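Here is a short report on one protein chain.

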Amino acid sequence: MKKFLGYILSPIAISAFFLLLCIFHPIQWMCYNWGGYKAHKRSVDILNFFLLHTAYLIFDPVTFINKQSLPAGRPVIFIANHQSLFDIPPLIYYLRKYHVKFISKVELTKGVPSISYNLRVGGGANIDRKDPRQSITELVKFAGRMKDNNWSAAIFPEGTRSKDGSVKPFQSAGVATLLKKCPNALLVPVAIKDSWKMSRYGFYPLNTLTPMSWTVLEPLEPNGRPADELVQEVEDRIRASIG
């Protein structure tokens with residue numbers, strides 16, 4: 001039944017998602033060039049509000065739970081498991097007050113309306129996985145921007161999406177690089193549950209009637225601890241949260 005309904009509703013949701021990207025591409029350009037960072041960020045926040053609500057077109061409700069009192073005026077590294085491309089819009093919108101930036105593949109900076117433009121001008125890190133030197137340099141520059149502007153980072157340390165919801169081992173290299181330049185950053189785990197089910201059949205049809213959740217877990221103070229130890233603790237907390 002869910003898959004059958006997906007054949008009917010997926011074209012509506014996919015079209016709405018892509019249409020929003022196309023509409024907001026020139027809006028982002030105008031905001032960035034005429035209004036600067038603040039106006040551009042506002043346009044990105046609004047875009048992602050609408051993007052996350054396209055899930056409701058296929059009756060996939062989104063629940064974002066944040067009961068943590070996270071500090072303002074301090075860099076935060078949000079560390080999440082990764083289940084689908086849809087993981088990102090709720091993180092951008094619901095964590096908007098923390099100025100979250102993403103570490104992305106450099107390939108995504110071209111060819112995708114709105115998304116590519118935001119990655120180029122939004123202040124995140126765009127890394128070339130085939131060039132370790134470039135990746136490290138880009139992460140160091142990004143960590144400097146985090147420190148100077150009290151921005152936050154969102155990182156998916158599994159390295160790739162999980163197709164069945166199981167949590168893959170976390171890699172600590174990215175977090176370690178950020179902490180070297182920004183040692184006072186607070187580490188905050190985010191447990192993403194069941195977003196993989198939306199795309200369990202691939203790009204089409206999208207699955208329907210599937211609740212998805214994002215839960216912000218208790219933060220960790222680095223306190224000079226090794227990055228691999230910290231990341232392992234984050235991984236353990238996320239595994240325990242999603243069961």
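## Charge and overall form

The protein chain carries 30 positive and 18 negative charges, and their mean positions are 6 Å apart. Lys and Arg count as positive here, Asp and Glu as negative; His and the chain ends are not counted. Each charge is placed at NZ of Lys, CZ of Arg, CG of Asp or CD of Glu.

This is a predicted model: local features need pLDDT of at least 70, side-chain atom pairs count only at pLDDT 80 or more, and totals for chains, interfaces and linings use all residues. Residues are numbered from 1 along each chain as its sequence is written, and side-chain values use heavy atoms, with hydrogens and water left out.

The protein chain holds 6 helices and 7 strands. Helices (H or I, at least four residues) and strands (E, at least two) are DSSP runs, numbered from the N terminus. Their order along the sequence is α-β-β-α-β-α-β-α-β-α-β-β-α.

The radius of gyration of the protein chain is 18 Å, which agrees with the value near 18 Å for a compact globule of 243 residues. That radius is taken over C-alpha atoms, and the globule rule is 2.2 Å times the number of residues to the power 0.38. The C-alpha trace spans about 50 × 45 × 35 Å along its principal axes.

Accessible surface comes to about 12,000 Å², and carbon and sulfur atoms own 58% of that. The areas come from the Shrake-Rupley method with a 1.4 Å probe; for residues, only the protein chains shown count as cover. Of the 243 residues, 48% are buried. Buried means under 20% relative accessible area, exposed over 50%, and partly exposed in between (1.4 Å probe, protein chains only).

Contact means heavy atoms within 4.5 Å. Among contacts with a separation of 6 or more, 74% link residues 24 or more positions apart.

## Two nonpolar cores

A nonpolar core is a set of buried Ala, Val, Leu, Ile, Met, Phe, Trp, Tyr and Cys residues joined through side-chain atoms within 4.5 Å. The largest one has 32 residues; Phe78, Phe86, Leu91, Leu95 and Trp214 touch the most other members. At least two residues each come from helix H1 (2-53), strand E1 (62-66), strand E2 (76-80), helix H2 (88-94), strand E3 (100-105), strand E6 (186-193) and strand E7 (212-216). H1 gives the most, with 5 residues.

What does Leu91 contact, leaving aside its neighbours within four places in sequence? The partners are Phe64, Phe102, Phe156, Val190 and Trp214. A second, separate core has 27 residues, including Ile79, Val167, Leu220 and Ile238.

Helix H5 (residues 173-181) has buried residues too: Gly174, Val175, Thr177, Leu178 and Leu179. Their cover includes E2, E3, helix H4 (132-149), strand E5 (152-155), E6 and helix H6 (227-242).

## Buried residues and their partners

| Residue | Element | Relative accessible area | Contacts |
|---|---|---|---|
| Ser116 | helix H3 (residues 115-121) | 2% | Leu108, Thr109, Lys110, Gly111 |
| Val100 | strand E3 | 12% | Phe78, Leu95, Ser152, Ala153, Ala154 |
| Leu9 | helix H1 | 13% | Leu57, Ile58, Phe59, Thr208 |

Leu57 touches Leu9. Leu9 and Asp236 are 227 residues apart along the chain, and their C-alpha atoms are separated by 36 Å.

## Backbone details in loops

Tyr204 and Pro205 are joined by a cis peptide bond, with omega about 0°. Pro205 lies in the loop between E6 and E7.

Asn150 is not a glycine, yet has a positive phi of about 55°. Its loop runs between H4 and E5. Is Asn150 buried, exposed or partly exposed? With 33% relative accessibility, Asn150 counts as partly exposed.

Asn223 also has a positive phi, about 50°, although it is not a glycine. Asn223 sits in the loop between E7 and H6. Its relative accessible area is 66%, so Asn223 is exposed.
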